[in-house]
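Here are my notes from going through this one, point by point. Have the model open while you read.

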Amino acid sequence: MNKPPKEIDDAKVLEWAWSGRKPFGELLYESGELAAEIFGLAICQYDDSETIYRFSCDANWTTEQDAQYQSVAEAKQNLPVQYRNIEAHWQKYE
């Protein structure tokens with residue numbers, strides 16, 4: 001398993017999931033070409049902010065896409081369809 005760093009894009013990682021050998025899904029350019037494969041999902045929060053972010057990351061935990069939510073539960077429930085190739089098993093960051 002590939003644990004993320006404590007912070008991604010300066011936001012504290014609260015929970016995370018790793019897809020394993022196959023990605024959760026892919027990001028495509030408008031042309032249909034592969035832009036990135038998503039192996040890591042991280043639920044994060046910036047200091048002094050109540051907003052929750054879900055970062056979709058490549059195999060090196062580099063953010064490829066993000067989305068804002070009002071709660072951790074909402075971030076987990078609203079995974080885009082393209083990230084459902086593998087079931088996300090969320091872990092608290094310790």
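**Notes on the model**

1. Let me start with a charge and a ring. Lys3 lies over the face of Tyr93, 4.6 Å from the ring centre; the rule asks for NZ of Lys or CZ of Arg within 6 Å of the ring centre and within 35 degrees of the ring normal.

2. Some housekeeping. This is a predicted model, so local features need pLDDT of at least 70 and side-chain atom pairs count only at pLDDT 80 or more, while totals for chains, interfaces and linings use all residues. Residues are numbered from 1 along each chain as its sequence is written, and side-chain values use heavy atoms, with hydrogens and water left out.

3. Now the rings. The structure holds 5 aromatic pairs, where rings of Phe, Tyr and Trp (its six-membered ring) pair if their centres lie within 6.5 Å, with planes under 30 degrees apart called stacked, over 60 edge-to-face and the rest tilted. Tyr46 and Tyr53 are edge-to-face, because their ring centres are 5.2 Å apart and their planes stand at 85 degrees. Tyr53 also pairs with Phe55: centres 6.0 Å apart and planes at 25 degrees, so this pair is stacked.

4. The cut-offs are under 20% relative accessible area for buried, over 50% for exposed and partly exposed in between (1.4 Å probe, protein chains only).

5. Ring pairs also link Trp16, Trp18, Phe39 and Trp61 into a cluster. Trp61 deserves a look for its contacts (heavy atoms within 4.5 Å). Leaving aside neighbours within four places in sequence, Trp61 touches residues including Lys3, Pro4, Ile8, Trp16, Trp18 and Ala42.

6. Strands S3 (residues 25-28) and S4 (residues 34-38) run antiparallel, joined by 4 bridges. Leu27 stands opposite Ala36 in S4. This hairpin has 5 residues between the strands, and Gly32 takes a positive phi near 95 degrees.

7. S6 (residues 52-57) and S7 (residues 63-69) are antiparallel too, with 6 bridges joining them. Arg54 has Ala67 in S7 as its bridge partner. Here there are 5 residues between the strands, and Trp61 in the turn has a positive phi of about 60 degrees.

8. What about the core? The largest nonpolar core has 12 residues, among them Ile8, Val13, Trp16, Trp18, Phe39, Tyr53, Phe55 and Trp61. Such a core is a set of buried Ala, Val, Leu, Ile, Met, Phe, Trp, Tyr and Cys residues joined through side-chain atoms within 4.5 Å. The elements giving two or more residues to this core are S2 (11-18), S5 (40-45) and S6, and S2 gives the most, with 4 residues. A second, separate core of 9 residues includes Ile38, Leu41, Tyr83 and Ala88.

9. Last, the cysteines: how many disulfides are there? The count comes to 0, with a disulfide taken as a pair of cysteine sulfur atoms within 2.5 Å. The sulfur of Cys44 has its closest cysteine sulfur in Cys57, 7.2 Å away, which is too far for a bond. Cys44 is buried at 0% relative accessibility, and Cys57 is buried at 0%.

Key. Two strands pair if DSSP finds at least two bridges between them.
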